[in-house]
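Welcome! Please take a look at the protein shown here, and then we can walk through some of its features together.

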Amino acid sequence: MNNDIINGVNIGDAINDLQIIPESNVFSGQGRITGSTGFGADFTDWFVYIPERDGTLTLYLHGLSADLDLVVYDNTSTELDYSANEGTQPDRIVLAVAGNTPYLINVTAFSNGSNYLLNADFVGGSPPSGSEGRKDSVNGMGIGDAPARWELAHHITLNNLGDAWVTGSTGFHTDSRDWYSFEATESGIATFQLTDLGDDLDLFLYDPYGNLVSFSVNEGAADDRITYEVVAGQRYHLEVDSYLQGSNYSLAIDLPKIADAQVGLETINGRAPADAGETLATAIHAGWNMASAAVIVGGTGLGADTTDWFTFVAPANGRVDLRFSGATDTLTFNAYDGTAAPLSLTLEEGADYREYGFDVRAGQTYYFQLGSLDGEQSYIVNMQLPQAEQAALIPQPGYGQGINTTGEFHNFRAFALLKNDGSVVSWGDGTYGGSSYPVSSDLTSGVVKVFSSDNGFAALKSDGTVVTWGAFSYPGGYADISEQIGGDVVRIFSNYFSFAGLRADGSVVTWGNEMFGGFSSHIADQLAWGVREIYATTSSFAALKQNGSVVTWGDYWSGGDSSAVADQLTEGVVSIIAGASAFTALKTDGSVVVWGSEYQGANINLVADQLESGVVEIITTGEAFAAIKEDGSVVSWGSFGSFLTAPEIDWAMRGGVKEVVGSAEAFAALLHDGSVVVWGSLFYAYQADQLATELAGGVVEIVANSYAFAALKSDGSVVTWGQSDYGGDSTAVAGQLTGGVERIITAPRGFVALTSDGAAVVWGNGLEEETSLVAAQLASGVIDVLPANGIFAALKADGSVVTWGRFQGDRGPDQVADDLASGVVKLVTNGYAFAAIKDDGSVVVWGENSWGGQAYEAAEQLTSGALEVNSIYSNNYYRQGSDGDDLIIGYGGANIIHAHGGNDRIYGGPLDDFIDGGAGDRDTLLAFHLPSQYVYQDGVLSGAEGIDQLVSIEFIGFGFNYNDERFAVLVRPEDLVETAGPGSSNVTRILEGICDLYIAYFDRAPEPEGLLYWFKNIYEGGAGLDDLSRSFADQIEYRQTYPEGLNNREFVEAIYENLFDREPDQTGWDYWINDLDQGLMARETFIFSVIEGAYATSGSADDRQLLNHKHNASLYYVEQLSLHPEELFDAGISAILNNVTWEADSVSIAKEIVDQAMQTPQTITDIVQDPVFWSGFWGV
């Protein structure tokens, strides 16, 4: 339970009694309340809101872990509105309020307690009709919220007809205006039409110098129109401005057509032009975006192009509206259902538009036809489809995904190399994709990523088309496959035998072995829309849709048939975990659904009651599953029968489970207290019992292969158990595993430990003799080891490679020794052969001949230009921008993004991405956490969102996720370089300085938003820490902490206690008190001077070390808050900081407590107030 805080002011526990609401619970303006209710006697919280004027109040209750409800009353206690969504769904109320009138806000627990965030946003005017306003989009592509400032205007790229279509809203909350810019490509008369208004918006046009040249300010909801003569090559700005209150709008931009433009080519949602079909049978797909909308820009009536046909699949039941602008009465329109039967249409007409509408049903196919009665005719069609209820694109906070959850399987017999010119070369077993001869002409350019199955490859090209080859047959051959796949593919998934391609509009196309997922025609209607992720067992697929439903196909026995649990998969699924032959779905209510092979995880009869709620994460060994619950306990089921049931222990008393790792016959759980629990086959449990002392604490990581485990301890030692020939017995190398180990690598039949001095220690595998031959080479300088089946390759810091093992074929270690002596930057294996990419772009191969150890006819193409060799689980998405200023948001997996021209803002997503900003000079990669959580080095950004390779990215943007410019700051990548070890980047030093000020002034850590706010003041505003110190003294919290009447001696004593946990020495007392009493120094200057003195070489080493440790612990806490947005700021952090000393272990303990609070139901305050837990951490 957390204290309640209004706009940063801690009010303790918000009052529970409506009759005695104190002044501290009253607020106005914009509000941000963090708090909790439903714990103990605290069953409800009351607040009073008093608006300063008439307007609209929007209340948003979120960040819930249990069901809380939101109610608003007037000052007579009459209920005005309520929101009581079930479970942890947010509650929202939008209400018209009268100025200077009290409104009573009530947050009540339905059953269990929960922390919460309550945002109160106020804007003048009446509430919008039905919604808060739609997102802004240009030509059907969402841009988020168009900027509210001239200099940040969103640049619109016009099509070759000089047209663009903008939809959006403004005037809601703080969004008072939207700015756009465009460049005229031809001189002539331009028309700008603002329509679809629900209230009074106005339109303004500015020339390249910022001068207002034309405007339209019609009253009320009347359309606004501007006609103006533009000059080719000039950039103009458009402003859509709200007069009093918010409204949705549509903005049609019609500029002079580009000379010799082709009217007959159509673009859909800004994608590459194509010619719409001439018949119903050749209709092109009008793929809608995530907002269930599409904008089609095109023309007809030119030469033989007399009609345009389009088709789409409805995402939900409801009505489709198609609004035509830029068209005259000579344009005809007809619509048909999937049987080609004409549909009944409604028609609405205005001065410059016509809008047709008709009813549709979810999953059904529809067609529409545009024709011209009189010659060449251009048009813009804005199509809005009924929108299916959206599920979160990323699982809810607290819900994890297990290993190998998304589908892509490794090719064990061949390699495919993507070169930097976009061409592809393959080698290895020809029947498994080693020969790409049938499609070689299609692989000479344009490929952005290669995906694999067990027996083939698929190359995704920049235009969204796919080239595929390998050991699967298809009527008509490979070319026929590519033609049937079509375009708009953004990501490819696979199982052992088949592929599934996800298109930009959420539809799915499949190919490969028809029995094992290559055939999906029987469920084509279900895969025609709304898919956001695909998962795979060895021979089946499961598609997770945006509405939380699941569609399955492929092999019946391995999860392709989910009919037995179909009623449980219609909604609410947030993630799917795929084993070898079974799927497990995790739902929003914390329940679990399983299907597939009953012998490999699809039978939960023994534990079903434990999986009905509370599950937050699931992992799989392939044949068994384990679920981690919110109370820190574990439930397991799968292939090892009754031995699989997790032991009945008090998981919570041991801190709860941190992670679970599995082998083929057992599980091992690492608990937050550093101990390990093992269960499964009795053999493993018995061995673990023999190691009870070693596994009782201090473990930081566990790894496993099929039949053995290895645990890394905090002192760098290693403990092993399991079958001896798989590495369970490490006796032979025990002397090398007593300390200094930093990383353990799993091998198929053993393990490799990398030590801090660069040595590689190898055990298991049955390769003792072969390993001994290279022992001297493995004694130092090793930075990575890549194990395969009986063979190894170790990459050293000097770019050389050591390789050993039982090689088959003509190319073993001796044959490639010279080629591997230097220059290697990356190693890849398919399990039986290796490929090394060198810094000159060449590739060296060795291993089993027919499986890639020999390149044969491909050898010449491996001498230069290597970019990437296909490896396991790549699962990349491809996205590209325009030549204008774009907002590009990556998909949930790894992304390849080419932003092209303009100054772009890019968010890659949570995994490893390749991002090319293109030709702009202010291309920005958006990062959703704190600058100190990222490191930049040699074009690579490492951080909370993975490891991203960056090209032409000028800035990293932090704080944009708060949608408040006060926290948004652009950082140069070079300022994230750690020049002298961890934590030494320029930005981290600034952030540590800000933490010092928070510690000195307030004896606490900052909130993430506060830290970013002050960081922006320094980094972009040019302020210094001394300026911030003066600003801190102007804060309300300062005046509350140090009230009037506090004398200088008391003040100095408080600051020294905050910083150094002591009083000043006598010299310090005399110096500071004299300067403060004589007015020679302001208090804020004193604080900054004390901090500066601690870091001076003449200062106390103990004070300096203590302050370093305090700000390290403080910054760590703020970083964890950023990673766990569901957690609220906890005042208990002050108690932790006050226990940090100059000893390094105290920082580690502070971090352990923070981790405990972030990863378990306990809060920091819970731990601080629990003497058992508190003394357990600090040893007192």
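## A patch on the surface

Let us begin with L212, which is found in strand β19 (residues 212-216). Strands (E, at least two residues) and helices (H or I, at least four residues) are DSSP runs, numbered from the N terminus. L212 is partly exposed because its relative accessible area is 43%; buried means under 20%, exposed over 50%, and partly exposed in between, using a 1.4 Å probe and protein chains only.

Together with F215 and V217, L212 forms a nonpolar patch on the surface, and the three have about 270 Å² of accessible area together. Such areas come from the Shrake-Rupley method with a 1.4 Å probe, and for residues only the protein chains shown count as cover. Patch residues have over 30% relative accessible area and no salt bridge, and nonpolar side chains (Val, Leu, Ile, Met, Phe, Trp, Tyr) are joined within 5 Å. A salt bridge is a side-chain nitrogen of Lys or Arg within 4 Å of a carboxyl oxygen of Asp or Glu.

## About the model

This is a predicted model, where local features need pLDDT of at least 70, side-chain atom pairs count only at pLDDT 80 or more, and totals for chains, interfaces and linings use all residues. Residues are numbered from 1 along each chain as its sequence is written, and side-chain values use heavy atoms, leaving out hydrogens and water.

## The whole protein

The protein has 16 helices and 76 strands. Of its 1180 residues, 56% are buried. Its accessible surface comes to about 47400 Å², with 48% belonging to carbon and sulfur atoms.

Strands pair if DSSP finds at least two bridges between them.

Strand β28 runs antiparallel to β31 (residues 365-372), and 7 bridges join the two. Y336 stands opposite Y367 in β31.

## Aromatic rings

How many aromatic pairs does a search of the whole structure find? The search finds 46. Rings of Phe, Tyr and Trp (its six-membered ring) pair if their centres lie within 6.5 Å; planes under 30 degrees apart count as stacked, over 60 as edge-to-face and the rest as tilted. The rings of F499 and W511 are stacked, because their centres are 5.4 Å apart and their planes at 20°.

F499 is in strand β39 (residues 498-503) and W511 in strand β40 (residues 508-512), so this pair ties together parts 12 residues apart in sequence. F499 is buried, at 0% relative accessibility, and W511 is buried with a relative accessible area of 0%.

How values were computed
Patch = residues over 30% accessible without salt bridge, like charges linked within 9 Å, V, L, I, M, F, W, Y side chains within 5 Å.
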